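The entries below follow the order in which I went through them.

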Amino acid sequence: MSLEVAIEKNVPGFRLAVKFTADGAPLGLLGPSGSGKTMTLRAIAGLETPDRGRIVLHGRVLFDSERRIDVPARARSIGLLFRNYALFPHLTVAENIAFGLRSLQDIERNRRVAEQIAAAHLDGLAGRYPATLSGGEQQRVALARALAIEPAALLLDEPFSALDTHLRSALERQLRETLASYRGSTLFVSHNLEEAYRVCEKLVVLANGNVAAQGPKEEIFRHPPTLEVARVTGCKNFSRARRLSDGRVEALDWGCTLRVAQEFAKPLEHVAIRAHHVRIHPARKLNLENSANVFPCWLAAMTETPFRVTLDLRIATPPASPADFHLQAEVFKQEWESFRNLPQPWEIELAADRVFLLPD
């Protein structure tokens, strides 16, 4: 069971050229706005026509520019969940779910509608209209409608973007449960990297219409292949870099020299580390000069969320202003409270196995 996509299409602002395969596990399409995620879904669903390429779903050719095959959207057996849900306002919940089942006999159509209402926890809402539903209820109706046709592929276009934080969490959990038993191919589009990481085992990262990275999520997050992929996957700390003769790396923008664990054959352009991998030691080590990748640091500024704080830190010398910093570190508030009032400089550690190197 797989979805094979290899398409090209000229769109305003860039050229879409993507190639990937989705198997039975949910595949995440991750990328910034305008990177081509939604256009890719629309092409797979048959709502847009690629200029060239091929789309094959479970061995069935949906599109092939050379063979002039272009199966209509209604015949592709694809369920598509839009970010705005696109429910029909004049139809009830049950009628919305049944919309793609008009060719079925009444008994089978009613069975599928009842099955989806139960699975989506929509009991008691079958006769309601979309305008009377909450955002979370509308999202569940849209997902039930997409699944009712028993699609060979399910395409989810940022399905939680219109929901508040509590609803996003609850419905994401329900979606993961639903996808665990779904037997088709799933593409999950998001610009929220944490959301994509939780829902999907593998990722395709798009940038400017092209595939910048694809593979297991752990590998992409641990060793992003380019600066763009590192940024898309949430890395905040970058420095221009050059390799030294002893195998170390000079971080030009941070003013320090680092030992690194990663072997790297390509020309070096940047060094990077994720904010939650930066470690702060408020108590001085025995011999800072002989401690690899440990440097004195001063706090330039701090921002907080309910549970975490982000610290803007400057290496080697005190900052001249709140904007004068080299790196950001993210720590839980409990840890922050344990050292926030201790004298500076503190020490910052950039562990060799957490630093990654990026090509030009």
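Entry 1: I started at phenylalanine 295, whose bridge partner in β20 is isoleucine 348. The model is a predicted one. Strand β20 covers residues 346–349 and is joined to β17 by four bridges, with the two strands running antiparallel. I then looked up the sheet around this pair. It is open and has five strands in the order β16-β20-β17-β18-β19, with antiparallel pairing. I noted β16 (279–281) and β19 (327–332) as the edge strands; each has a single partner strand, so one side of each lacks a neighbour in the sheet. From one strand to the next the twist averages 45 degrees.

**Entry 2: a buried charge.** Aspartate 312 belongs to strand β18, residues 308–315. Which side chain of opposite charge is nearest to aspartate 312? I found lysine 236, 8.0 Å away. Aspartate 312 is buried and has no salt bridge. I listed its contacts, leaving out residues up to four places away in sequence: Trp298, Leu299, Ala300, Ala301, Phe325, Leu327 and Gln328.

**Entry 3: strand β8.** I checked burial along β8 (residues 153–157). Five of its five residues are buried, so the strand is largely enclosed by the rest of the structure. In a regular strand, side chains alternate between the two faces of the sheet. I looked up the directions here: Ala153, Leu155 and Asp157 point one way from β8, while Leu154 and Leu156 point the other way.

Next I looked up the pairing of β8. Strand β7 (residues 78–81) pairs with β8 in the parallel sense over four bridges, and glycine 79 has leucine 154 as its bridge partner. Strand β9 (residues 185–190) is joined to β8 by five bridges and also runs parallel to β8. In that pairing, leucine 156 stands opposite phenylalanine 188.

**Entry 4: nonpolar cores.** How many residues does the largest nonpolar core have? I read 39, and Ile97, Leu122 and Leu154 have the most contacts inside this core. Helix α4 supplies the largest share of the core, seven residues. I then took leucine 122 on its own. Beyond four places in sequence, leucine 122 touches Val93, Ile97, Ile117, Glu137, Arg140, Val141 and Ala144. There is also a second, separate core of 28 residues, which includes Ile273, Phe295, Leu350 and Leu357.

**Entry 5: a loop residue.** Leucine 133 sits in the loop between α3 (106–119) and α4 (135–148). Is leucine 133 buried or exposed? Its relative accessibility is 9%, and the cut-off for buried is under 20%, so leucine 133 counts as buried. Not counting residues up to four places away in sequence, leucine 133 touches Val93, Leu125, Arg128, Gln138 and Val141.

**Entry 6: salt bridges.** Side chains of opposite charge can pair when their charged atoms come close. I found 23 salt bridges in the structure and followed several of them.

Arginine 54 bridges to aspartate 64, with 2.7 Å between the closest N and O atoms. This pair links distant parts of the chain, 10 residues apart: arginine 54 is in strand β4 (residues 52–57) and aspartate 64 in strand β5 (residues 60–64). Arginine 54 is partly exposed at 35% relative accessible area, whereas aspartate 64 is buried at 7%.

Arginine 76 and aspartate 70 meet in a salt bridge at 2.8 Å, N to O. Here arginine 76 is buried, at 1%, and aspartate 70 is partly exposed, at 38%.

Lysine 333 and glutamate 304 also form a salt bridge at 2.8 Å, N to O. The pair links lysine 333 in helix α9 (residues 333–339) to glutamate 304 in strand β17 (residues 294–304), 29 residues apart. I logged lysine 333 as partly exposed at 24% relative accessibility and glutamate 304 as exposed at 53%. Last, I noted a network in which salt bridges with shared partners join Glu108, Arg111, Arg112, Glu115 and Glu150.

Conventions. Residues are numbered from 1 along each chain as its sequence is written. This is a predicted model: local features need pLDDT of at least 70, side-chain atom pairs count only at pLDDT 80 or more; totals for chains, interfaces and linings use all residues. Side-chain values use heavy atoms; hydrogens and water are left out. Buried means under 20% relative accessible area, exposed over 50%, partly exposed in between (1.4 Å probe, protein chains only). Contact means heavy atoms within 4.5 Å. A salt bridge is a side-chain nitrogen of Lys or Arg within 4 Å of a carboxyl oxygen of Asp or Glu. A nonpolar core is a set of buried Ala, Val, Leu, Ile, Met, Phe, Trp, Tyr and Cys residues joined through side-chain atoms within 4.5 Å. Two strands pair if DSSP finds at least two bridges between them. Axes are lines fitted to C-alpha atoms, for helices over the stretch in contact, and angles run from 0 to 180 degrees between N-to-C directions. Lys and Arg count as positive and Asp and Glu as negative; His and the chain ends are not counted.
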